[in-house]
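Subject: Handover of a protein structure

Dear colleague,

Please find the structure below, followed by an account of what was found in it. I would be grateful if you read the account with the model open beside you.

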Amino acid sequence: MASHKLTNKTLAEKWQAYKEHCDSHTVQRTEFSQRESKFVTQTVPNPITYTIKGFCQFIGMTENNFYETYAPNPKFGLVIARMREECENNARSRFEDGSIPTQLSGLWMSRYDGYTTKQEQKVTGTQQVVIVDDCDQ
């Protein structure tokens with residue numbers, strides 16, 4: 001593993017490079033073209049959602065080492081806060097534009113403060129519930 005002693009400025013620059021890498025990511029897609037009557041391969045844009053884990057992989061550092069090295073240091077607080085906020089905003093915008101299926105929103109957004117898929121339900125009172133078997137009628 002590479003030794004990482006980044007300055008505040010360098011961390012911000014590497015974060016910017018990571019975002020550009022994610023935004024410019026492409027994939028090869030092969031589909032059958034009715035017009036040409038053959039399979040056609042194209043390079044198409046396929047942006048990657050920003051994550052701290054992805055950033056750590058991008059710079060060759062474990063996520064655990066990243067948090068141990070930079071999170072407790074107050075001089076990196078603003079940069080790390082901005083990174084987390086940009087991850088959240090990027091994921092949210094990808095749900096809104098349909099890049100990520102909305103069925104996965106609970107999984108993704110549960111990583112961020114203030115988002116949850118759990119719903120609290122309180123049952124009050126002493127209402128009786130009667131189950132009637134009326135299938136034979």
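Helices (H or I, at least four residues) and strands (E, at least two) are DSSP runs, numbered from the N terminus. By that definition, the protein chain has five helices and two strands, and their order along the sequence is α-β-β-α-α-α-α.

Please note that this is a predicted model, in which local features need pLDDT of at least 70, side-chain atom pairs count only at pLDDT 80 or more, and totals for chains, interfaces and linings use all residues. Residues are numbered from 1 along each chain as its sequence is written, and side-chain values use heavy atoms, with hydrogens and water left out.

**The chain as a whole**

The protein chain has 137 residues, of which 27% are buried. Buried means under 20% relative accessible area, exposed over 50%, and partly exposed in between (1.4 Å probe, protein chains only). A contact means heavy atoms within 4.5 Å. Among contacts between residues at least 6 apart in sequence, 54% join residues at least 24 apart.

**Helix packing**

Axes are lines fitted to C-alpha atoms, for helices over the stretch in contact, and angles run from 0 to 180 degrees between N-to-C directions. Angles under 35 degrees count as roughly parallel, over 145 as roughly antiparallel, 65 to 115 as roughly perpendicular and the rest as oblique.

Helix α1 (residues 8-23) packs against α2 at an angle of about 105°, with the axes 10 Å apart. The two helices are therefore roughly perpendicular. On the α1 side the contact is made by Leu11, Lys14, Trp15, Ala17, Tyr18 and His21, and on the α2 side by Gly54, Phe55, Phe58 and Ile59. By class, these are seven nonpolar, two polar and one charged residues. Here Ala, Val, Leu, Ile, Met, Phe, Trp, Tyr, Cys and Pro count as nonpolar, Asp, Glu, Lys and Arg as charged, and the others, Gly among them, as polar.

Helix α2 (residues 52-59) also packs with helix α3 (residues 63-70), at an angle of about 95° and with the axes 9 Å apart. This pair is therefore roughly perpendicular. Ile52, Lys53, Phe55 and Cys56 of α2 meet Glu63, Phe66 and Tyr67 of α3. The residues of this contact divide into five nonpolar, no polar and two charged.

Thr49 lies in the loop between β2 and α2 and is buried, at 8% relative accessibility. A polar contact is a pair of N or O atoms within 3.5 Å; within protein, one must be able to donate a hydrogen and the other to accept it, and residues adjacent in sequence count only if both atoms are side-chain atoms.

Asn90, in helix α4 (residues 77-96), is in contact with Ile48, Thr49 and Tyr50, leaving aside its neighbours within four places in sequence. The side chain of Asn90 reaches the backbone nitrogen of Tyr50 at 2.9 Å. Asn90 counts as buried because its relative accessibility is 11%.

Ile100, in the loop between α4 and α5 (105-109), is buried at 6%. The C-alpha atoms of Ile100 and Thr49 are separated by 9.1 Å, although the residues are 51 apart along the chain.

**The loop between the strands**

Ser37 is found between β1 (26-33) and β2 (38-45). Its relative accessible area is 53%, so Ser37 is exposed. Phi of Ser37 is near 55°, a positive value in a residue other than glycine.

Yours sincerely
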